[in-house]
Amino acid sequence: MKEIIHNVYIIEREGKEILVTKSKYGSHYGERKIGEFREWIPSRSKLAAMILKGHVIDIKPDWKVLYLGAASGTTVSHLADIVDEGIIYAVEYSAKPFVKFLQLAEERRNIIPLLEDASTPWKYNGIVEKVDFVYQDIAQKNQIEIFFANIDMFLKDGGEGVIMVKARSIDSTAEPEVVFDRVVKELGEKLEVVAHGSLEPFHKDHIYVHVRKTK
Amino acid sequence: MKWNVWFGEVVEEDGKLIAKKSSDLVESFKNASNPEALPFNLPEVGLQVFESLEDYYRTLRKIAIKVTSEKVEKELKREDRYVILLLKALDKLNESINMLEEKLRDIEEVKISETTEDFRERIEELKRLRRRIEKEIEDVITKIAPNLTEIAGAVIAARLLEKAGSLERLAFLPASKIQILGAEKSLYKALARMRRGKPAKTPKHGIIFIHPFIRTLPKRKRGRMARFMAAKLAIAAKLDYFKGELDESLAESVRKKYEELRREKDKPKKEESKQERREEKQKKKKKKPKHR
Ligand SMILES: C[S@@+](CC[C@H](N)C(=O)[O-])C[C@H]1O[C@@H](n2cnc3c(N)ncnc32)[C@H](O)[C@@H]1O
């Protein structure tokens, strides 16, 4: 058993290595509870997939996080285990999945739910503070533009960002590789690209891009 | 300078930032919008009016949950109605634009004047309105029915919703019904013919027939594609209604089925049509007793 990020462990279970977060809370999306741990399922959460692909970001327990595309809170539930002294501002524009998300927000102390459109960040610009980490997972055509707008408004200098990109939501006809090259280049024009890579086999035709605000 | 923040206002006086707490936090939370990045960090300034950071976050969280729950409830009630009404308005708008253009052409054949130019400009305005409505429909349907939209595209997804009447009703329709949704007229006609003892084909596909995955297949394969797509759409509608979250594997399976059908070697024609005829006969046999 080893801790790779605060409250994130890889443990052995029935001869297999699995990713878990240490959690005081119960199961949120049907994941197994193993003692004090919750299984973090990579096919359900792109952040888990990224970590299992070997890219580890040292998320600190007191980080302030802006999370765009929170849906019903699969990934947020684990992130909330990690930043147990921090705060997650979670933005989602669709009401339906947010019903379940609200249960999570009621249970945890460190989640601020916001039913807003991430493409209009000025609307929550009097609520969200300056953050250490912006995470975005919205399958939208203009997702890069949205990512930039939120980073401009909320990310501290030197802060980290991760965007999960699905090739087909940006361009449904071009080859994924071509789309990814374009995306990485576009991000690199304004931000430092720390790393990027595929999320296969957990998520088909998806990549993560890890950036830093140094420019 | 003055900024609207969730707990009230922050004003700059003599180069100093001063926080003012609102007496109605729900109201100030809803209005906490600023066009430019704030030149200060919120909780720091907030400490002027809150006892501690703990107090700050506890209050913020409480208000956020309250406002968001109310918003969620409101939205759930009305978004599918909104799409349906927009769609109906769009149909009327289309009719109007066509009708007006026809009239304008008639007049222009006789004489072009300032009045006809004005007329044309108004029609262009209506066309701009039409594009805005189409965009709005697309945005909202993608949001409230991500799975239907991923499989069928925004236009067909919105039409299915309109034909069903609500997302709830669509979620409870069987696949066989979804497959012919939008083809009710021809279905009723066919049934009426049958009742009169005349031969008639029941329609195989309704609105989903305009989907490129069906349209671009050879005729013989369309029925199978439509059936498969309708089955996936039935699942998608349930997912959208109950969970509202995208499951990418659904649309992926439809894409695969399409590729599979497209590549599928053509069976020798005779054999296939024989087989199809046999199937048709069996269907009719089964149906007959019902009609007697
Ligand atoms: C792939 S899901 C996110 C899954 C989630 N990140 C997780 O791992 O638990 C994408 C979500 O982004 C939301 N979304 C898409 N566009 C958005 C926008 N402009 N603003 C806010 N949310 C958006 C969708 O409604 C959907 O719930």
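Start by selecting A:K204, which counts as exposed at 52% relative accessibility (exposed means over 50% relative accessible area, buried under 20%, partly exposed in between, with a 1.4 Å probe and protein chains only). Before you go on, know that this is a predicted model, where local features need pLDDT of at least 70, side-chain atom pairs count only at pLDDT 80 or more, and totals for chains, interfaces and linings use all residues. Residues are numbered from 1 along each chain as its sequence is written, chains are lettered from A and ligands numbered from 1 in the order in which they are written, and side-chain values use heavy atoms, with hydrogens and water left out.

**Across the chains**

Helices (H or I, at least four residues) and strands (E, at least two) are DSSP runs, numbered from the N terminus. Is B:E252 buried or exposed? B:E252 is buried, at 19% relative accessible area.

**Along chain B's helices**

Jump to B:D118 and B:R122, whose side chains meet in a salt bridge (3.7 Å, N to O). They sit 4 residues apart in helix α4 (residues 114-144) of chain B, so about one helical turn separates them. Both are partly exposed: B:D118 at 39% relative accessibility and B:R122 at 48%.

Next, pick B:K92 and B:E95 for another salt bridge, this one 4.0 Å from N to O. Both lie in helix α3 (residues 53-110) of chain B, 3 residues apart. B:K92 counts as exposed, at 53%. Over all chains, the structure holds 40 salt bridges.

**Strands in chain A**

Select strand β12 (residues 206-212) of chain A, where 6 of its 7 residues are buried. Strand β10 (residues 155-166) runs antiparallel to β12(A), joined by 7 bridges; click A:G161 and you'll find its bridge partner, A:V211. Strand β11 (residues 192-198) is also antiparallel to β12(A), with 6 bridges, and here A:H196 partners A:V209.

Then move to the open sheet of 5 strands in chain A, ordered β1-β2-β3-β5-β4 with antiparallel pairing (two strands pair if DSSP finds at least two bridges between them). At its edges stand β1 (2-5) and β4 (33-34), each with a single partner strand, so one side of each has no neighbour in the sheet. Inside that order, 6 bridges join β2 (residues 8-13) to β3 (residues 16-22), with A:V8 opposite A:T21.

**Two charged patches**

Which residues gather in a patch of positive charge on the surface? Select B:R193, B:R195, B:R196 and B:K198. B:R195 lies in helix α8 (residues 184-195) of chain B and is exposed at 64%.

A:E177 belongs to helix α6 (residues 176-190) of chain A and is exposed at 55%. Patches are made of residues with over 30% relative accessible area and no salt bridge, with like charges joined within 9 Å and nonpolar side chains (Val, Leu, Ile, Met, Phe, Trp, Tyr) within 5 Å.

Terms used: Accessible areas come from the Shrake-Rupley method with a 1.4 Å probe; for residues, only the protein chains shown count as cover. Lys and Arg count as positive and Asp and Glu as negative; His and the chain ends are not counted. The place of a charge is taken as NZ of Lys, CZ of Arg, CG of Asp or CD of Glu.
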